Amino acid sequence: MFFKKALSKSEQLHFAQQMLALQQAGLPLLNAIQLLIQSAPKPWQTWLLDIRALLQKGNSFSFCLSSQDGKFSPEFSNLIRVSERTGDLSLALRTISHQLEEQIELQRKVQQSLTYPIITLVTSFLLVLVMMIWVVPVFKDVFGHFQAELPAPTKILIATSTGIQNFAVEILLSALMIVTSFAYTWIKSSSLQKYYDALLLRMPFFGNLFRLATLTHWCRTLGHLLETGLPLPDALRVAAQSSNHWVSHDFSAEIFKHLTRGWPLGESLKRADPKSRLLDVETLLLLHIGAESGALAEMLNKRATALGAQLSSQLNALSQSLEPALILLVGAIIGSLVIILYLPIFNLGQIV
């Protein structure tokens, strides 16, 4: 199972766009898959042949996709399943392509905003590690020739450096065990995933970015599902099944529950998110208006676009503010280490 690799968003987008082009050209589904087999990259051949074999046995296209060991996202398979009910596969493929393009663009913006801060933090960590392993021991040997009491910060720094050198293997093994244990618990425990997803939304400043990204994806997914002709309860159920965020999943499920009990959408939204963890007041009002006017799908898509623009603006502001802050932080860390190392030398005359 460790060798089964899911398709990236870019690969899923490429597959959806190719299938859409072949569908618009009028080819039957099985012929389109056969044509893709002839032109697809070599790593795709195995699962494309499997899809063709399943189609020849009379299985649905959505079943063929969902049986490929997680290569396609649940959202991809669910939208195809919806199209099989409505009879419009081209619309589903167009919707999938549009969603994936927007997700890839959002991911690119996030990576662009966080690349510099991550590189800076990793570089500073490695620099501090190099100083603790190679530079501090040199100063320790120099200070050992003097019969004088070292300042407390210098003692702590030298003791830390000595501990890292003496227990490097144990520290690495402990860190590896902690990461492995956390990853295993994360995979097995849905409660831990729910707690972590909810915690992200409560983080100072960054929580609003996660909230915007989650709400943007939820609005866009639900809007596209409604455009395919699904009733709202069914669209909410598919949105919940397709979500990769527990807060969004539970939010869709709660709205579905309240709608089936007879509450209107506006009241269902309030009851599903009473603490406003995900929904803001403006989104709540706009969706209520959209539901009352019969233009909910259009309102959801417009709101997703507005929230995406707001998220991009905040990401740019974050990137611009983090750069000088990180420079100051790295300078403070390195400067503090240098000052701590040179404290005894400042009193060298007294030591001699």
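Rings of Phe, Tyr and Trp (the last by its six-membered ring) are taken to pair if their centres lie within 6.5 Å, with planes under 30 degrees apart counted as stacked, over 60 as edge-to-face and the rest as tilted. The structure, a predicted model, holds 11 aromatic pairs on this basis. One of them joins Trp44 and Trp47, a tilted pair with 5.3 Å centre to centre and 45° between the planes. Both Trp44 and Trp47 are buried (under 20% relative accessible area, with exposed over 50% and partly exposed in between, for a 1.4 Å probe and protein chains only). Together with Phe15, Phe72 and Phe76, these two residues form one aromatic cluster.

In this model local features need pLDDT of at least 70 and side-chain atom pairs count only at pLDDT 80 or more, whereas totals for chains, interfaces and linings use all residues. Residues are numbered from 1 along each chain as its sequence is written, and side-chain values use heavy atoms, with hydrogens and water left out.

Attention now turns to the helices (DSSP runs of H or I, at least four residues, numbered from the N terminus). Helix H11 (residues 232-242) is largely enclosed by the rest of the structure, because eight of its 11 residues are buried. Among them are Leu232, Leu236 and Val238. The buried residues of H11 pack against helices including H5 (74-86), H10 (206-227) and H15 (296-346), where contact means heavy atoms within 4.5 Å. Helix H12 (246-260) and helix H13 (265-272) are also among these partners.

Technical notes
Helix = DSSP H or I, 4+ residues; strand = E, 2+ residues; numbered from the N terminus.
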